[in-house]
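Hi,

Here is the structure I said I would pass on. Have a look at it first, and then read on for what turned up.

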Amino acid sequence: MKNKIYLIANWKMQLLNSEAGELGLALKHESTRLLTPEGVADGGQVKTLKQKNIELVLCPSFTALSELGKKIPGDSSPDSRRGRNDIAFKLGAQNVFYHEKGAYTGEISPLQLKELGVTYVIIGHSERRTYLNESDTDTNLKIKTCLAHNLTPVLCVGETFDERRFGRTELVLIRQLTRGLEDIKLKNDQKLIIAYEPVWVIGTGQAINPLDAKNAALAIKQTLLDFFTIEEIENKISIIYGGSVDQNNILDFIEPGLLDGALVGTASLTTEKFIPLIETLAEKL
Ligand code: PGA
C-alpha cells in the first residue's frame, strides 16, 4: 500500500478554545460530505479519504485538545461501517516536554497528551525556535520522548530568508536534521514526519517554488541516509511541505514518495479555506 498523504492543520495560538471546538465540529460535519455519492467520486466509485490513505490531523492549542478530542473522532454508527461517515480527524499537539512527570512548571508531558488522544506532535516549529529559543538539542530530546510514547513526531526544519540568500539552505537542513535526529532509531511501527518549512514564506500567502521544495526534500532524504536504511526511509519516514499552502497550490507540493503532504497554518483556520483544500486533495489524488 502506498504511503499516507498527511494534511496537518497547525492552528498555532490563533483560536479561543470555544472557536477551536466549533471549527472542529464544522470541519467534521462539512467533511462527511466528501464521503457521499455527490462527494469524492473515483471512476464512478465513491472513495473515502481513508481508502485514499489521506490522514487529516488537527493541532489546536493545548487548552483545546480535550474538548476537540471529544468532538472529532469518526462516527461509529452503522453508516460509518459502510464507509460513509467515517471521517476521523486525528489529534495533534504543537509541542511536548521531554520528561514524563515532575517539577517542570508550565510544561506538558507526553503522558498528558496521550491521555487526551493525541497521536501526532509538532516539534521544533520555526516560531518556537525563534521566540522560545528552542534548539536542535531540544528537538532531539522531544523526538525521543514522542517515539518512546508512540506519538508520531512532526519535526519542522527550514531556512530563513538570509540563509537562503547566502546559499546556506542545505547546510541549515543538514544541521537541523543531524542534531535533531542524533541517536534516533525507529522501532517496529514507529513513524517520523519531517516538515520542510522555509521560514520566510510562513504566513505570507506566497509559497515557494514547488521545485525548490522538491530539491529541499531530496536534500533531506540524502541526509536521512546517514541515520536510517533505505527501507526505513521509504516505509517509516514521510517528508511534507509547509509554508502558505492553500487549495490552489496544494497539489504542486504533493509528489508521493518525495513530498507526502502538507503542514497548513492560515488556510486551516476556517472551513471556507480548509474544506476546499481537503476536497482538492481527495479529488485529485
Ligand atoms: P502557513 O503556516 O500555512 O500560514 O504559512 C504554516 C506553518 O507555520 O506551519
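What does the accessible surface of the protein chain come to, and what percentage of it belongs to carbon and sulfur atoms? It comes to about 13,600 Å², with 50% belonging to carbon and sulfur atoms. Before you go further, keep in mind that this is a predicted model.

The protein chain has 285 residues, and 51% of them count as buried. You will find 11 helices and 10 strands in the chain. If you take the contacts with a separation of 6 or more, 75% of them are made by residues 24 or more positions apart.

Now the ligand. Around the ligand sit Asn10, Lys12, His125, Glu197, Ile202, Gly203, Gly243, Ser244, Leu263, Val264, Gly265 and Thr266. By type, this shell splits into seven polar, three nonpolar and two charged residues.

- Glu197 has a polar side-chain atom 2.7 Å from an oxygen atom of the ligand.
- Gly203 brings a backbone N or O atom to 2.7 Å from an oxygen atom of the ligand.
- Gly265 has a polar backbone atom 2.8 Å from an oxygen atom of the ligand.

As for how much of the ligand is covered, it exposes 280 Å² when taken alone, and the protein buries 99% of that.

The largest nonpolar core has 65 residues, and Leu7, Ile194 and Tyr241 have the most contacts inside it. Helix H11, residues 271–284, gives the most to this core, with six residues.

Gln176 sits in helix H8, which covers residues 169–180. Is Gln176 buried or exposed? Gln176 counts as buried because its relative accessibility is 4%, and the cut-off for buried is under 20%. A polar atom of the Gln176 side chain lies 2.8 Å from the backbone nitrogen of Gly158. Apart from neighbours within four places in sequence, Gln176 is in contact with Arg129, Asp136, Val157 and Gly158.

Cheers

Conventions:
Residues numbered from 1 in each chain as written. Predicted model: local features only at pLDDT ≥ 70, side-chain atom pairs only at ≥ 80, totals over all residues. Heavy atoms only, no water. Near = heavy atom within 4 Å. Polar contact = N/O pair within 3.5 Å; in protein donor to acceptor, adjacent residues only side chain to side chain. Areas by Shrake-Rupley, 256 points an atom, 1.4 Å probe, with all protein chains shown as cover. Nonpolar A, V, L, I, M, F, W, Y, C, P; charged D, E, K, R; others polar. Helix = DSSP H or I, 4+ residues; strand = E, 2+ residues; numbered from the N terminus. Buried < 20%, exposed > 50% of the residue type's maximum accessible area, 1.4 Å probe, protein only. Contact = heavy atoms within 4.5 Å. Core = buried A, V, L, I, M, F, W, Y, C linked by side-chain atoms within 4.5 Å.
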